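Reader: I am new to reading structures. Could you take me through one part of this one, slowly enough to follow?

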Amino acid sequence: MKTDIAYSEALEQAKANMDDVKARGADAIGEDVLAFMDSMMTPEEIAESNLRVALIGELIKARQEKGISQRKLGELSGVKQPIIARMENGSTSPQVTTLLKVLAPLGKTLAVVPLDTK
């Protein structure tokens, strides 16, 4: 449980840091660095990364709201706890079937929705 709390705190701090960088723009880390970061990924790769981060963030949030440990979620879903940990820390890209197994005990599922084309 302490690991979950530490991870949540680290995630919140990282979000606060990124918000600060975005608010200060080029003044925070230099215009050249921001341009370099933008050139590293295509818009499609950025969108895919953002979706992955949002999806895993929702999984973590749902698990924590239910008060379920990774170990307990593993027991309920049939997905081993180390796999859940790797999903949550972003070191693996889970298959859709694995995501569905993990989301079901949390009362969640995946949905296909239209893209916002604005």
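Author: Here is a close look at one helix and its surroundings.

The model is predicted. Our part is helix 5, which covers residues 70-77.

Start with its buried side. The buried residues of helix 5 are Gln-70, Leu-73, Gly-74 and Ser-77. They sit on the same side of the helix, because they span an arc of only 105° around its axis. Now turn to the face pointing away from that buried side. There you find the exposed residues Arg-71 and Glu-75. Next, look at what comes after the helix. Gly-78 follows helix 5. The phi of Gly-78 is positive, near 85°.

Go back to Leu-73. What does Leu-73 touch, leaving aside residues up to four places away in sequence? Its partners are Arg-63, Ile-68, Ile-84, Val-102, Pro-105 and Leu-106.

Leu-73 also belongs to the largest nonpolar core, which has 13 residues. Five of them touch the most other members: Leu-59, Leu-73, Met-87, Val-102 and Leu-106. Helix 4, helix 6 and helix 7 each give two or more residues to this core. Helix 4 has the largest share, with four residues. In soluble globular proteins, nonpolar side chains tend to be buried together.

Val-102 leads us on to helix 7. The buried residues of helix 7 are Thr-98, Leu-99, Val-102 and Leu-103. Viewed down the axis, they fall within an arc of 125°, so they line one face of helix 7.

Helix 4 (43-66) and helix 7 (96-103) each supply at least two lining residues. The largest share comes from helix 4, with eight residues. By type, the lining has 15 nonpolar, two polar and five charged residues.

To recap, go back to helix 5. Gln-70, Leu-73, Gly-74 and Ser-77 are its buried residues. Arg-71 and Glu-75 are exposed on the face turned away from them.

Technical notes
Residues numbered from 1 in each chain as written. Predicted model: local features only at pLDDT ≥ 70, side-chain atom pairs only at ≥ 80, totals over all residues. Heavy atoms only, no water. Buried < 20%, exposed > 50% of the residue type's maximum accessible area, 1.4 Å probe, protein only. Arc of directions from axis to C-beta. Nonpolar A, V, L, I, M, F, W, Y, C, P; charged D, E, K, R; others polar. Core = buried A, V, L, I, M, F, W, Y, C linked by side-chain atoms within 4.5 Å. Contact = heavy atoms within 4.5 Å.
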